[in-house]
Amino acid sequence: MVEGHFGRTTRIRAMSEEQRTKDFLSRIDAKETIEPKEWMPERYREQLVRMMSQHAHSEIVGMLPEGNWITRAPSLRRKIALIAKVQDEAGHGHYIYSAVETLGVSREEVYRKLLDGSAKYSHIFNYPTTSWADIGMIGWLVDGAAIINQTMLARCSYGPYARAMLRICKEENFHKKQGMEIVSRLCRGTAAQKAMAQESFDRWWWPTLMMFGLPDEKSKNTAELMQFGIKLRSNDELRQRFIDMNVKQAQEFGLTIPDPDLYFDEDSGHWQIGPIPWEEFFEVLKGNGPCNRERLDAKIRAHEEGRWVREAASAFAEKRAKRRAKQ
Amino acid sequence: MPDTDREKETPLWEVFVQEAGAEAHQHAGSIHATDAELALQNARDVFARRETIKSIWVVPSHAITSSQPEDEPALFDAASDKIYRHPQFYKTEKASDND
């Protein structure tokens, strides 16, 4: 209670690093929220900066594969939805960048690491969008996977990250729903449209399953992230939730899942999948995915071409401030 | 490679939005902008794309003075021994609708 709380903070000041960390972890276990100014282990801060930066970059780079279809959306209805969605992704990137900054790193610094290739973003955005059906698949599968992950993160231990996730989750359902509508229409359309949906599904199914990260026993960050209350569920748990949800959904659409080993396991009540092609995942992470170079080049070019806008805004602000000072 | 080092960091602004109804302004996040007008515009684009927002405030982040975690117990726990600040401290003859 009140006494205890006062006692705790007084104690913290006199504590050794090890004791402080222990105290911090007991706060995590008690599901307390950590706020920017509070003491945190350096490792907690590092993990958050790494993970949140990657997350923000993913939102920003994620605009590219979808932006590719804005000019060719098949109807005005589809086009306005896609424009709104891509704008949302930019907004989501900003929410998370804003949250990363509370950890004492500047946005410029974080963004520079994306541009110089030292920070990562989700491997999924290094795949091309070669047909209109891909826009449907991204909404349904990629955003669907993101929702599962972000719903968990909305309850994570770091306050600013959790709050950013809440905002994002509110908007993400529109993304998923518009994607599912596209897939649903294609699947109920002509034979050619249905084939387009199946071809696209075949390409996206496995890469989206990889979005949840390596299997638990191979993931080097999961255990620590869970100890810190940043992740509340393991990679495999989240992936299984996604599989169970979407095997049924694919069947409803009339799509065939490109996995000959897939079966429903009566004992566990879960769908069991065949082996995930992780070699492909590692190749994409190493920079050898179909679009890695193209994505990064696009972001560097946008940053360069936007330089005059930033400079003009600064010059204008200075001029206006001077004029005001004179008045 | 872009050399962003040479670029100035644009000022940081805290954004507070008021949703429709009788809500108070609530902190939504922060944005970067060179001046207040642009800060307001950016805040609108980032934080008010679809919710029914009634009003936005932007405040330079450096203008905010905040309590520090180590001061907080002293600042906020003081009321615990002042139970006379709560209605339960006061007794009347019998429970009534006025309680």
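Which helix of chain A is the place of Arg323(A)? Arg323(A) sits in helix α14, residues 307-326 (helices are DSSP runs of H or I with at least four residues, strands are runs of E with at least two, both numbered from the N terminus). This is a predicted model, where local features need pLDDT of at least 70, side-chain atom pairs count only at pLDDT 80 or more, and totals for chains, interfaces and linings use all residues. Residues are numbered from 1 along each chain as its sequence is written, chains are lettered from A and ligands numbered from 1 in the order in which they are written, and side-chain values use heavy atoms, with hydrogens and water left out.

**The two chains**

- Chain A has 14 helices and two strands, and its C-alpha trace spans about 70 × 65 × 35 Å along the principal axes.
- Of the 327 residues in chain A, 54% are buried (buried is under 20% relative accessible area, exposed is over 50%, partly exposed is in between, using a 1.4 Å probe and protein chains only).
- For contacts (heavy atoms within 4.5 Å) in chain A between residues at least 6 apart in sequence, 76% join residues at least 24 apart.
- Chain A exposes about 16000 Å², with carbon and sulfur atoms supplying 56% of that (areas come from the Shrake-Rupley method with a 1.4 Å probe; for residues, only the protein chains shown count as cover).
- Chain B has two helices and three strands, running β-β-α-β-α from the N terminus.

**Salt bridges**

- The whole structure holds 27 salt bridges over all chains (a side-chain nitrogen of Lys or Arg within 4 Å of a carboxyl oxygen of Asp or Glu).
- Arg320(A) pairs with Asp35(B), the closest N and O atoms being 2.6 Å apart. This pair crosses between chains, from helix α14 of chain A to the loop between β2 (26-32) and α1 (36-47) of chain B.
- In that pair, Arg320(A) is partly exposed at 22% relative accessibility, while Asp35(B) is buried at 11%.
- Arg27(A) bridges to Glu32(A) at 2.8 Å between the closest N and O atoms, and Glu38(A) bridges to Arg27(A) at 3.4 Å.
- Both Glu38(A) and Arg27(A) are buried, whereas Glu32(A) is partly exposed at 32%.

**Surface patches**

- Back at Arg323(A): together with Lys319(A), Lys322(A) and Lys326(A), Arg323(A) forms a positive surface patch. Patch residues have over 30% relative accessible area and no salt bridge, with like charges joined within 9 Å and nonpolar side chains (Val, Leu, Ile, Met, Phe, Trp, Tyr) within 5 Å.
- Lys and Arg count as positive, Asp and Glu as negative, and His and the chain ends are not counted; a charge is placed at NZ of Lys, CZ of Arg, CG of Asp or CD of Glu.
- On chain B, Ile83(B), Tyr84(B), Phe89(B) and Tyr90(B) make a nonpolar patch of about 440 Å². Phe89(B) lies in the segment after α2 (72-76) and is partly exposed at 40%.

**Two loop residues in chain A**

- Lys31(A), in the loop between α2 (17-29) and α3 (42-61), has a positive phi near 60 degrees despite not being glycine. Lys31(A) is exposed at 72%.
- Ile257(A), in the loop between α11 (235-253) and β1 (263-265), is buried at 12%. Its contacts beyond four places in sequence are Phe201(A), Trp205(A), Val247(A), Ala250(A) and Leu262(A).
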